Amino acid sequence: MAQRLSGSSSQYLRQHAHQLVDWFPYGDQAFEQARLRDVPVMLSIGYSACHWCHVMSHESFDDPAIAQLLNEHFVAIKVDREEHPLVDDTYMMATQALTGAGGWPMTIFALPDGRTFHAGTYYPAAPRGKTPSFTQVLNAVSEAWESKREGLTEQADMLAGHLAELGSRQGALLSLHSALPAQQAQESAIAHWVSATRPEGGTTPAPKFPPTWALKTLWRSVPAGGSHGDEVFNAAATTLEAMLRGGLQDHLGGGFARYCVDEQWSVPHFEKMLYDNAGLLSLCARSAVLAGEYARSATGAQQQRAEALAAAARSAALDTAGFLRREMRVAAHGAGRQALASSLDADSPRGGQSIEGAYYTFSRAELNAALDELDALPPNLLRLAEVAEDPGHYCLSLARFPNAGEERLWERLKQELGLVRAQRQRPGRDDKVIAGWNGLAIEALCEAGALLDAPELLETAEDAAEAVWQAHWDPATRRLARVSFDGKAEHSNEGTLQDYAALALGLLALDSARERGRWASRADALLERAADFIDPETGVPRDAVQLDARLSAQRAAGAATVLDDAIPAAGALYAMALARRAVSAMADGTWNEAQAAGLERARGLTAHALALATEVPTQVATALEVQAVLNSPVQYVTVGGGQPEQLARLRRLCRSLGLEVRAAKDTADPAGVLRIQGCREELCQAPVDSLERFVQTLYKH
């Protein structure tokens, strides 16, 4: 039994290999066993960094009596949601339809053909309030299978029809058209974000997930200046300040947790995911530049706020990049290149127990001992938040940013507490490499390296890109594997559209930063295969070219997610990659019909965002950013003359707004005179001689 999981590329599956449950990995063999034995399937879906997955594993799957019950009456399948995102997405839709909620661990009961008839999430070992124990659920399902089989089949039929309808609605969203011009739709989205920003940051109540993709899009409007720029800056700053000061950021080790459980962003859910840290690295690097640009035209308290935020964002970006370089790089045995691991666990040991956040929190005694080593800290600087599930242990964060005179004490305190933390056992790391998540991180490292003048980050990005390409890309089939472990890819598990698009974006960012044609040609190969994920009849993007039989039995044929979640929608990422490739070709003078067609496809894949901009802009933020690129009066820039500091500032500003910059081939201007020319497709505007005038051209419609 253990042999089925022990050799898996998934650490999550390997964590269950010791159990007496007769686990199968997801695949044909498991469902065929259920058919032959005439028993239902129980799928347990989770991931390695998931706290409640660990809890249910210890409480239930380690229990010999529960293992015996599962083995006698079910075929048990363990699924790593990160390895099989389409499986997770399909069964998550079923769980949400049946219960009104979702989450992990996810517990699915299905017919041998894969169709769901009952679902839930975490079940405790003993009844808890209205929640039955896992044993009670297993007994009830087993009894219903024997005595009410027809009812279960009817339930599965109805649910499959409902899921297929939901999938069709996803595709239908792409056919929505806006009655508003693009610029007005964009302004509606910005107005929504500004008005919805809460005093404590964010636009929703707890739990507080970072609105990364919405903030990246919102920041684009800050350089517009005037009262409009002021209100956009204030909204963006309120949320970003809360995220940077609070418990979401690991102030000692760098990087960010997945979300915070409270309104004030004080206590995180401690797992660290690669995709979150990639998005937040990019956001912080861009914000450091754009807040700094805003500060140049602001005055008084507003200027001070912008300068403090720019400094904090820069520090957070560098700390996050340091975290990725130090703690997330993995190498195959004997290989020199290092890709990036998928996650760090929420749990770690303390006193013989595995406790969520044990590595990151401190007791009062530990905090007092560290504070005793310092001069008196100024009042109202620190914030301590007790963890409800771990009484007596606290998360450390800032109530405000330290001023210049307080920085030294804050750094000393972090050093003292860092020494305490260094004595603890680190959280476990899932060394599985996911192609698309690495693509997001490669792009973010390239951005941060260019924007923050940190060339070592470009080296890390190039190293990861080469490692992923060598392991995941099959030159014979021209297919991309989604996951690898120890340098060995699961080529039978092809990447999703999200994987192809995100990795293409990473390689295009590397090509732009390194100016080496091989990265662009590799991105072209990814985009060529990604085109197969677009339904030729409907034009709807699909997560997979073809679903397996179990998934296609209960949902529309692979329709890709249209709305942003923790990761941008697959179709929007693909559209962004097409737009970047086309704009780069414009700037290089190699613009042709193929790239023009790609630009039109990008326009079609994101046009729905303009229709949804007023109602749900956060869910279409990435598509709105693509539309901003497509409809901008300036898509790339040529520059000549100027002083080194002027040129560096221009390049940072353009990079933070997604504009390509090229050196002018010839200029008649006097030596040293700055000459900036904004261009769109094959037409260029009259040149200007200052960054301030150039910024004005960006916001003329």
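Colleague: At what angle do the axes of helix H10 and H12 cross?

Modeller: First, the ground rules. This is a predicted model, where local features need pLDDT of at least 70, side-chain atom pairs count only at pLDDT 80 or more, and totals for chains, interfaces and linings use all residues. Residues are numbered from 1 along each chain as its sequence is written, and side-chain values use heavy atoms, with hydrogens and water left out. Now the pair: the axes of H10 (residues 212-219) and H12 cross at roughly 25 degrees and come within 10 Å. Axes are lines fitted to C-alpha atoms, for helices over the stretch in contact, with angles from 0 to 180 degrees between N-to-C directions. Helices are DSSP runs (H or I, at least four residues), as are strands (E, at least two), numbered from the N terminus.

Colleague: Why is H10 called roughly parallel to H12?

Modeller: Angles under 35 degrees count as roughly parallel, over 145 as roughly antiparallel, 65 to 115 as roughly perpendicular and the rest as oblique. The crossing is at roughly 25 degrees, so H10 is roughly parallel to H12. The crossing of H10 and H12 is left-handed. That term means the near helix is turned anticlockwise from the far one by less than a right angle; clockwise gives right-handed.

Colleague: Which residues of H10 meet H12?

Modeller: Thr212, Trp213, Leu215, Lys216 and Trp219 do. Their partners in H12 include Leu283, Arg286 and Leu290. Contact means heavy atoms within 4.5 Å. The residues of this contact divide into seven nonpolar, four polar and two charged. Ala, Val, Leu, Ile, Met, Phe, Trp, Tyr, Cys and Pro count as nonpolar, Asp, Glu, Lys and Arg as charged, and the others, Gly among them, as polar.

Colleague: What about Asp486, buried or partly exposed?

Modeller: Asp486 has a relative accessible area of 27%, so it is partly exposed. Its phi is near 55 degrees, again positive in a residue other than glycine. Asp486 sits in the loop between strands E21 (483-485) and E22 (488-489).

Colleague: What makes a set of residues a nonpolar core?

Modeller: The members are buried Ala, Val, Leu, Ile, Met, Phe, Trp, Tyr and Cys residues, joined through side-chain atoms within 4.5 Å. The largest nonpolar core has 191 residues, and Phe134, Trp219, Leu244 and Phe694 touch the most other members. H12 (residues 274-297) gives the most to this core, with 14 residues. Another core, of 23 residues, lies apart from it, with Phe24 and Phe31 among them.

Conventions: Buried means under 20% relative accessible area, exposed over 50%, partly exposed in between (1.4 Å probe, protein chains only).
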